[in-house]
Structure formats: structure tokens, C-alpha cells
Amino acid sequence: MEDIGVAVVGLGRLGYVHALNLKKTQASKLTAVCDMDSDLAESTAAELGCKAYTDIRSMLDDKSVEAVCVVTPTAYHLDPVSVVAESGKPLFLEKPLASSMDESRKIEEVIRTSRIKCQVGFQRRFDPAFAEAQQMIREGTIGKPVYINAYSEIPFLLLPGLWIRRRVVDSTSTCSCTISILPVFSCETKLH
Ligand SMILES: NC(=O)c1ccc[n+]([C@@H]2O[C@H](COP(=O)([O-])OP(=O)(O)OC[C@H]3O[C@@H](n4cnc5c(N)ncnc54)[C@H](O)[C@@H]3O)[C@@H](O)[C@H]2O)c1
């Protein structure tokens, strides 16, 4: 079976990580990246060995793009989702769906009408620490949780020009994720 050609739209904090992961993942290949910041699109494409686009419509005309990963800021999901839906190509959309119920319903409608395949990125469900916490809740190990406090420390790479605060780490450092379910539970798992 041929690898599926995937493109990433939005190369900020998380889009870059998705692009890196797609580059490494079997059964898919990163064929294009798209960001309205042309320097970012060009430099990421050069680094990861794929095509660069600044406009999602032109990117969708590219036959090597068979599926799309939308990682634009939450308040700007509806437009790219609508354009992808129009193209009929399968979509992975970062969570949360939108920044309001009204926009979430519009996105739901667009997906239903177009009948494209769409997965919303609840990747934390596959995070070992979260899975362990869920298992402990299911098994009754900690009783009924009354309050959940979760935070994570993720070694995102420092990209110039992006406004979200990041820690600078080297590529070999561990990614540590901690969930505390108060009042009686705390769990930490090393991810790498
Ligand atoms: N699942 C998780 O754990 C997790 C973690 C972080 C972020 N997120 C989600 O990922 C999404 C992206 O967040 P982020 O922090 O990476 O954003 P960011 O602000 O760091 O980057 C967004 C990028 O999208 C680009 N962009 C915006 N509109 C565009 C368009 N129409 N076409 C092309 N490029 C466009 C911007 O230029 C920017 O480079 C959000 O929905 C956020 O909630 C999820």
C-alpha cells in the first residue's frame, strides 16, 4: 500500500510538532506544509523536505496532498476546515473544535454536509500518563474524583517569532507529563 501524503496547515507551536511526527510516521508521508507566514512555510519545508504553501487552496490542488492536518489557532479553524471539506480530502483537526459553540456547530455542519472523514485531535487519550489516570479511576483505585488539576511540561522546540512562551530544550531531553487528580492522586510518566 502507498503511503498517504499528508499536509500540515499552521506551523506554530503544535503544527511544527505534527509535521515532525508525520515525517517520522510509517504509512504516511509529509508532502506539504502551509502557513500564512511565508518565511515559516519555506524554512519548515526546506528542513523537512516537502513543498511550501502560504495558501491552503493552492495546497489542496496539489495531488500529493491526500489528507490534511489543520493546526491553526482555535479561533481560526472554521475557514481552513471549510476549504478542506470542499476539497473532499480527509481532515485531522486540532482540538478544541472552535472557540465558541456557534462556530463549533458550524464546523460540525460543514463536516456532516461534506461527508469527509474528520478526526479531532484528542491525542491526550493516548498519553501514557492520562491513560494510567483513567485506568485508576475506572478501577476505583482512588475513589470518585471530585476535582482534576492537569498540567504538562512539553519540550517544544524554540521557534523564532512565535509568541507563546516555550522552554528551550535539546532534542534528547525527556518529556514529562504530570496529572494530579486532587485530593488523593498524582501520576507522572516519562514519555521519551
Ligand atoms: N492537543 C494539544 O495538546 C494541543 C497543544 C497545543 C495546541 N493545540 C491546538 O493546536 C492549534 C494551534 O495552536 P498553536 O499553539 O500551535 O498555534 P500558534 O499560534 O503557535 O500557531 C498557529 C500558526 O497558524 C498559522 N495560521 C493561522 N491561520 C492560518 C491560515 N489560515 N493558513 C495558514 N496558516 C495559518 C499562523 O501563522 C501560525 O504560524 C490550536 O487549536 C490549539 O488549541 C493543541
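Glutamate 94 sits opposite glycine 121 in strand β6. That pairing is a handy way into this chain, which is a predicted model: local features need pLDDT of at least 70, side-chain atom pairs count only at pLDDT 80 or more, and totals for chains, interfaces and linings use all residues. Residues are numbered from 1 along each chain as its sequence is written.

**The whole chain**
- The chain has six helices and nine strands; these are DSSP runs numbered from the N terminus, with helices being H or I of at least four residues and strands being E of at least two.
- Of the chain's 192 residues, 27% count as buried. Buried means 20 or more other C-beta atoms within 10 Å of a residue's own, exposed means 12 or fewer, and partly exposed is in between, with C-beta atoms placed from the backbone.
- Take the contacts between residues at least 6 apart in sequence: 57% of them join residues at least 24 apart. A contact here means that two C-beta atoms, placed from the backbone, lie within 7 Å.

- Mean pLDDT for the chain is 82, with 78% of residues at 70 or more; pLDDT is the predictor's confidence in each residue, from 0 to 100.
- Watch residues 157-192, where pLDDT stays under 50 and the model has 53 contacts beyond four places in sequence. Where pLDDT is low, the predicted coordinates should not be read in detail.

**Strands β5 and β6**
- Strands β5 (residues 91-94) and β6 (residues 118-121) run parallel and are joined by four bridges. Strands pair if DSSP finds at least two bridges between them.
- Together with helix α5 (residues 101-114), β5 and β6 form a right-handed β-α-β unit. Right-handed means that, with the strands pointing away from the viewer, the path from the first strand over the helix to the second runs clockwise.

**The loop between β5 and α5**
- Proline 96 is in this loop, and a cis peptide bond with omega of about -10° joins lysine 95 to proline 96.
- Serine 99 is in the loop between β5 and α5 too. It is partly exposed because 14 other C-beta atoms lie within 10 Å.
- Beyond its neighbours within four places in sequence, serine 99 is in contact with Thr74 and Ala75. Serine 99 and alanine 75 are 24 residues apart in sequence, yet their C-alpha atoms are 5.3 Å apart.

**Threonine 72**
- You'll find threonine 72 in the loop between β4 (67-70) and α4 (78-87). It counts as buried because it has 22 C-beta neighbours inside 10 Å.
- Setting aside neighbours within four places in sequence, threonine 72 is in contact with Val9, Gly10, His77 and Pro80.
- Threonine 72 and valine 9 are 63 residues apart along the chain, but 6.6 Å separates their C-alpha atoms.

**Positive phi without glycine**
- Alanine 27 has phi near 80°, a positive value in a residue other than glycine. Its place is the loop between α1 (15-24) and β2 (28-34), and it counts as exposed because it has 8 C-beta neighbours inside 10 Å.
- Arginine 115 is not a glycine either, and its phi is positive at about 60°. Arginine 115 is in the loop between α5 and β6, and is exposed, with 9 other C-beta atoms within 10 Å.

**Around the ligand**
- The ligand is surrounded by 27 residues, the closest being Gly10, Gly12, Arg13, Leu14 and Glu94. A residue is near the molecule if its C-beta atom, placed from the backbone, lies within 6 Å of it.
- That shell has 14 nonpolar, seven polar and six charged residues. Nonpolar covers Ala, Val, Leu, Ile, Met, Phe, Trp, Tyr, Cys and Pro; charged covers Asp, Glu, Lys and Arg; the others, Gly among them, are polar.
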